[in-house]
Amino acid sequence: MKQTLADHQGCGTSGGSGKSSCGSSAGPADMAPEIWEKVKNHPCYSEEAHHHYARMHVAVAPACNIQCNYCNRKYDCANESRPGVVSEKLTPEQAARKVLAVASTIPQMTVLGIAGPGDSLANPAKTFETFERISKVAPDIKLCLSTNGLALPELVPMIKNYNVDHVTITINMVDPEVGEQIYPWIFYKNKRWKGRDAARILTERQLEGLELLTSAGILAKINSVMIPGINDQHLIEVNKAVKSRGAFLHNIMPLISEAEHGTYFGLNGQRGPTAQELKALQDACEGDMNMMRHCRQCRADAVGLLGEDRSAEFTLEKLMEKTEIEYDLEARKAYQELVEAERQDKVAAREKEMAEMASVESDTKILIAVATKGGGRINEHFGHAKEFQIYEVSTAGAKFVGHRRVDLYCQGGYGEEEGLDTIIRAINDCTAVFVAKIGGCPKNDLQAAGIDPVDAYAFEYIEQSALAYFKDYVARVESGELVHTARGDAQIRQGAFAA
Ligand code: CLF
Ligand code: SF4
C-alpha cells in the first residue's frame, strides 16, 4: 500500500510496504503519486534527486524575530546556512531577475528557497512578493521556505495560496527547560519574551504550525541543530513529536560553533558533535523515521547542486550586466527529460547489481567514500574533491549515509601532504575511496592507512560500483585474501591494502 499525504504520520510509518518512504533514497514505488510529484526533483526532500537537481536561494529576508545562541546576526541565519557566511541581500525584483538568470544557465535548477539571511516569515511582505514574482516568470520552479516557526501558524493560508509546497521548520526542542538554554529571547506580539516563557511560546507555535502545514497538504521538513550536552539526547523526543504531527523528513545538523563567528555558544566553548556522534543520533532516530543525511548547511544565497556553490557566478553586479534574460521553458523541460533518462538508467543498473547480490550471504557492512561532481557517478579526481560522499554497503544495498568535507589535496599542480593527513582522518572509517583518478603518492599513503584507493570504476554509477566492489570484497575475505575488520575511530586497519 502506498502512503498518501493524508495518512502520512511522519517518515518511517510503514505504509504496508514494510519499508518507509520519505526523504532519502525512496522512489515512486514507495509513495503516493502526489507525494512523488512533490519530491522527485527536490534535492533536499529526496536524497536520490540531490545527485541530479539543483536549488537556489535568494536572500530577501533580513529580519529575524528570535535569538538563537548559535547565531551572530552579522551573518546569515544558521538554521539553514553555514555559520559565518554573509549573503548579498536582494529586493524581490532583483531576486526574480536572479532566478531567471540561474534557471536559464542551470536547467536542472528546480527549486527556489528563501532561507534568510534572517527568518523568511519574519519578513512576510518581501518573502511573498518574491514568490509571486517568481511564479509569474518561472512557473515550473518549486517554491520552498525555511523558518524558525514563530510566525508560522497565521501564515499557513498564505503559504498555501502561493503554492509553496515545501516548508522547513527548525525545531531544536519540545521542552522549554531545554529551550531556554538555546534561545535567550523571542519577539512576539510586540513584546520581548525571555527564558523559559520564550521557549514555551516558541515550541507551541512551532508544533501548531507543523500540524497546520500537514492538514493543508504541505510537506514539512524539520531541521534540528545538534548541540552536545544540551539537546543531543532530547532530539530523540523531538523526532517522535514531529513524526506524530506528520513531518515528512527530519534533518539533524551539527552545531558549528567556531569562536571567530562570535556567537554565544562559540564564545563560551560549546562544542559541536563529531561526525560519528551525529551519525549515531541519526541512526537512533531512524528506527522511527527516515533521516535527511545529505544536507550541506547551505548559504542564504546558495546556487547549484547541494555541495557545490555557484553563487559567485550570479552576483548582483553580474546580473545587472545582462540586458535581457530569456526563459526557455521548453529547453528546460527537454534538459530535464535527459536527466530523468539518466536517472532511470542508474536505477536499472543498481537493480541489476542488487539482483546478483541475492546469492551473497554475509553480515559484513563497509563504508565507501566517493569523489563525485554529481549525476550519481564517480567523476571527480581525488585531488579536486572538496567533499567525499559516504555510502554504507551491505547485502541490503548501498545507502548514502553522509558526506565529509575535506581540504583540497591538489593545490595548483602539487599535492599538499598536510591536506592528505586531514583527508585520511576524515575517511578513516571507510574501507575504500572511489575516485575518477588518483596520483601515485596519495594512493600509497591511503593504502598504508588501510583505505583502498579505487579508480577501476571511474565515471561509472556510484551505487552499482559500490555493490560490485562489495561482492568482490566479501569473496576476497571468504577466500582468506583479506581480513575484514570493522573500521572506526579506534580500529584503523593499518596496511590491509598495502601493495
Ligand atoms: Fe533551500 Fe532548505 Fe528549501 Fe532545500 S536548503 S530552503 S529545503 S531548497 Fe537543503 Fe541546504 Fe540543507 Fe536546507 S541542503 S541547508 S536542507
Ligand atoms: Fe539567527 Fe536564524 Fe536563529 Fe534568527 S532564526 S537568530 S537568523 S539562526
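Strand β6 (residues 185-188) and strand β7 (residues 191-194) pair in the antiparallel sense, over 4 bridges. Strands here are DSSP runs of E with at least two residues, and helices are runs of H or I with at least four residues, both numbered from the N terminus. Two strands pair if DSSP finds at least two bridges between them. W185 has K194 of β7 as its bridge partner. The hairpin has 2 residues between its strands, and K189 takes a positive phi near 50 degrees.

## Model and confidence

This is a predicted model, in which local features need pLDDT of at least 70 and side-chain atom pairs count only at pLDDT 80 or more, while totals for chains, interfaces and linings use all residues. Residues are numbered from 1 along each chain as its sequence is written, chains are lettered from A and ligands numbered from 1 in written order, and side-chain values use heavy atoms, leaving out hydrogens and water.

The chain averages a pLDDT (the predictor's confidence in each residue, from 0 to 100) of 86. A score of at least 70 is reached by 88% of the residues. Over residues 1-24 pLDDT stays under 50. The model has 73 contacts (heavy atoms within 4.5 Å) for residues 1-24 beyond four places in sequence. Residues 489-499 also have pLDDT below 50, with 34 contacts beyond near neighbours in sequence. Where pLDDT is low, the predicted coordinates should not be read in detail.

## The open sheet

Seven strands form an open sheet with mixed pairing. Their order is β9-β8-β5-β4-β3-β1-β10. β9 (249-254) and β10 (303-304) stand at the edges; each has a single partner strand, so one side of each lacks a neighbour in the sheet. Strand β1 (residues 54-57) and β10 run antiparallel, joined by 2 bridges. R55 has G304 of β10 as its bridge partner.

Helix α7 (residues 234-244) packs on the sheet and touches β8 (219-226) and β9. The direction of α7 makes about 175 degrees with that of β8. Axes are lines fitted to C-alpha atoms, for helices over the stretch in contact, and angles run from 0 to 180 degrees between N-to-C directions.

## Helices α4 and α6

Helix α4 (residues 152-161) packs against helix α6 (residues 195-215) at an angle of about 25 degrees, with the axes 8 Å apart. That makes α4 roughly parallel to α6 (angles under 35 degrees). The contact involves L152, P153, E154 and V156 of α4. From α6 come R205, E208, G209, L210, L212 and L213.

Notes
Parallel < 35°, antiparallel > 145°, perpendicular 65-115°, else oblique.
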